[in-house]
Amino acid sequence: MWQLADKTLNSRLLIGSALYPSPQLMLDAIRASGAEVVTVSVRRQDPQQKGGQDFWSLLSTLNLQVLPNTAGCHSVKEAVTTAQMTREIFGTHWIKLEVIGDEYNLQPDPFGLVEAARELVAQGFEVFPYCTDDLVVCEKLVEAGCRIIMPWGAPIGTGRGLMNPYALKTLRERLPEITLVVDAGLGAPSHAAQAMELGYDAVLLNTAIANANHPLTMAQGFMHGVQAGRLAYEAGLMAQRDIASPSTPVVGTPFWHQEGL
Amino acid sequence: MNMSITVNGEAVELKELTSLDQFMRQHAQDGPTAVAVNGQFVPKSQYRETNIQAGDAIEIVAPMQGG
């Protein structure tokens, strides 16, 4: 069990609800992942999709904590207004805050992010900022009132894994009291395991599961990857060495003889 | 007196002065929605006292999949 804001959870995998081949596969994959937190969004109501109501009715059957996002927002004002709208629609004060600064790699705008975070914290939101792995930016987000920080592993949807393990490790060491979640860029369960081995509290991903040939099976893979990484962190990884050291006892080795006697 | 506004980026003509409450009864679909007028969130509790003005830009959003 662990604490994420005001919720006590078992799973350390947070999962997205987008990009699945079908609504049923979305439900099946989310269930298989064991995730207890699922990200959602808002968009202009569309008569063709019944305003997204079918999706929401279906997802609600899982009875999970939702984490709405401000995906697609490029300014502080857009992000704050979108967050306010999600709070009314989904009935939660949790918000995954995205303020995009560059369209090419969907890199967060650190300046807008800090400003929006400060405003939303003042309005009573629990802000989960999607940010880069820059230490100073993350410290500013903490100063703004964020208790949870979500640095990227790699740009959204790239599946490249942890681009900068050094920076992520530094964040863990420098922000020991903050809940840290690697968000975005994970492509394989081994990437999730690596993040957890660094001491991250959780990971958040979507594309790697939704775009797998078999999303349900990949969801299970990520579930196990997260668990393996967490167990490794709790157990404590061995120190790396430069020189080999036999694991089998040397004393009593058969046919042993000393060279040069 | 006709009044031009935009709703989710589309031009819409209103035939009379309308409160946001009346407007949403006609235009919002079933299920949860939320509204911003000219970029400002308007909570449901304020729909009745909010009158739509000529030139207003109204955004109506609904739940959607997200990552």
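Between chain B and chain A there are 2 salt bridges, a salt bridge being a side-chain nitrogen of Lys or Arg within 4 Å of a carboxyl oxygen of Asp or Glu. In one of them, the side chains of Arg44(A) and Glu59(B) meet at 2.7 Å, N to O. This is a predicted model, in which local features need pLDDT of at least 70 and side-chain atom pairs count only at pLDDT 80 or more, while totals for chains, interfaces and linings use all residues. Residues are numbered from 1 along each chain as its sequence is written, chains are lettered from A in the order in which they are written, and side-chain values use heavy atoms, with hydrogens and water left out.

Arg44(A) also takes part in strand pairing: its bridge partner in β5(B) is Val61(B). Strand β4 of chain A (residues 37-44) and β5(B) run antiparallel and are joined by 5 bridges; strands are DSSP runs of E, at least two residues, numbered from the N terminus, and two of them pair if DSSP finds at least two bridges between them.

Let us step back to the whole interface. Here 29 residues of chain B are in contact with 30 residues of chain A (heavy atoms within 4.5 Å). The area buried between the two chains is about 2400 Å², with carbon and sulfur atoms giving 55%; buried area is the accessible area (1.4 Å probe) that two parts lose on being put together, summed over both.

On the side of chain B that touches chain A, β3 (34-37), β4 (40-42) and β5 (57-65) of chain B each supply at least two residues. β5(B) gives the most, with 7 residues.

Conventions. Helix = DSSP H or I, 4+ residues; strand = E, 2+ residues; numbered from the N terminus.
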